[in-house]
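Hi,

Here is the structure I promised to pass on to you. Have a look at it first, and then read on for what turned up.

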Amino acid sequence: MKKVVVLEPGYKSYSAETEILKRCGAELVVIPENVEMESLPDLLYDANIIMLRDRKLNSAIIDMAPELKGIVRYGVGYDNVDCDYAKQKKITVSNVPDYGSDAVAEYALGLMLASSRQICLRDKEVRLGAWNIAENSPVRLMCGKTLGLVSFGRIAQAFLEKARGLGFTRVLIHDPNITKETCDKYNVESVDIDFLCKESDFISLHAPLNEQTRHIINENRINMMKKSCVLVNTGRGGLIDENALYHALAEKRIHSAAIDVYENEPAKNGHPFFALSNCIVSDHTAWYSIESCHELQSKAAEEAVRILHGVTPKNWVNQWDNK
């Protein structure tokens with residue numbers, strides 16, 4: 001029987017995967033949380049597919065699975081997988097980029113509104129007995145302002161569709177792959193990252209993490225931002241130099257930030273952002289809704305089935321020439 005191993009637990013149920021994999025005679029095995037590294041070779045030795053979320057999948061773990069044909073990453077990013085090594089061993093790596101766009105877009109917009117309007121701070125202060133506190137922490141309207149989006153894929157496009165009603169008069173996009181046709185369709189301007197940081201009142205990050213985007217928001221670019229700027233990150237933690245952002249927020253050099261993703265996850269207790277009243281934090285949960293979770297698990301299982309059947313997966317990320 002074919003064996004598909006989930007390398008880390010994280011979902012309440014795996015019924016979607018179990019049902020889909022059953023159709024091709026594959027068994028689903030979920031490795032228990034915090035299993036010792038020494039136990040992995042016994043658990044992976046006959047695995048044909050590994051499915052995972054955020055755990056690092058390096059060459060050492062890949063070598064523990066001599067029967068491995070494919071790796072499926074739950075979600076969009078796959079920087080936690082050694083794709084080059086998998087490619088050397090002709091192990092297909094696939095992801096699920098086409099799920100939950102509306103879930104992330106809604107959450108990013110919610111973070112932007114909450115950060116801009118100081119909603120979490122207001123909630124905390126009123127619970128402590130404060131009143132008439134608006135001018136203690138001034139806010140500005142989004143209406144009439146400039147929105148900047150870093151990357152313009154499915155999620156950013158869904159975000160912009162939802163944000164349009166807030167009255168932004170200008171939308172700047174930094175995305176090396178954006179076309180004139182896309183700019184015309186969405187009525188946006190393609191600009192370089194420095195111009196976006198200087199001109200935007202609100203910035204939302206949606207880029208993948210790679211060599212070109214790591215710390216794309218660095219100390220120099222944070223210093224370019226307006227003092228009233230609101231920064232939201234639901235993309236990848238490594239897009240931001242966290243130390244530089246912490247100091248900018250602590251010194252009130254920008255208005256506020258809302259952070260759902262971190263350079264190292266899970267974010268440890270005592271992370272510097274947690275002490276800042278002008279930084280909203282959450283736990284890499286922008287992707288989540290009941291609907292998007294089911295969609296993600298189902299699409300990941302379908303990719304596993306394709307690989308098991310020797311069919312090219314829809315989202316093959318470490319491609320090589322099959323000739």
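Predicted model: local features only at pLDDT ≥ 70, side-chain atom pairs only at ≥ 80, totals over all residues.

Asn132 is not a glycine, yet its phi is positive, at about 50°. With a relative accessibility of 72%, Asn132 counts as exposed.

A second residue of this kind is His215, whose phi is near 55°, again positive in a residue other than glycine. His215 sits in the loop between β9 and α10 and is partly exposed, because its relative accessibility is 26%. As background, most residues other than glycine have a negative phi, and most peptide bonds are trans. You will find Pro266 in the loop between β11 and β12 (279–281).

The loop between β9 and α10 (219–224) also holds Thr213. Is Thr213 buried or exposed? Thr213 is buried, because its relative accessibility is 11%, and the cut-off for buried is under 20%. Its side chain reaches the backbone nitrogen of Asn210 at 2.9 Å. Beyond its neighbours within four places in sequence, Thr213 is in contact with Ala207, Pro208, Gly238 and Leu239.

Now to the core. The largest nonpolar core has 29 residues, and Ile217 and Leu245 have the most contacts inside it. At least two residues of this core come from each of α9 (193–199), β9 (202–205), α11 (242–250) and β11 (256–259). The largest share, 4 residues, is supplied by α11. Setting aside neighbours within four places in sequence, Ile217 is in contact with Cys197, Leu205, Ile222, Met225, Leu231, Leu239, Ile240 and Asp241.

Finally, the cysteines. How many disulfides are there? The count comes to 0, where a disulfide would need two cysteine sulfur atoms within 2.5 Å. For Cys143, the closest cysteine sulfur is that of Cys229, and at 18 Å it is too far for a bond. For Cys279, the closest cysteine sulfur belongs to Cys120, 10 Å away, which is also too far for a bond. Cys279 is buried as well, because its relative accessibility is 8%.

Happy to talk any of this through.

Best wishes

Terms used. Residues numbered from 1 in each chain as written. Heavy atoms only, no water. Core = buried A, V, L, I, M, F, W, Y, C linked by side-chain atoms within 4.5 Å. Buried < 20%, exposed > 50% of the residue type's maximum accessible area, 1.4 Å probe, protein only. Contact = heavy atoms within 4.5 Å. Polar contact = N/O pair within 3.5 Å; in protein donor to acceptor, adjacent residues only side chain to side chain.
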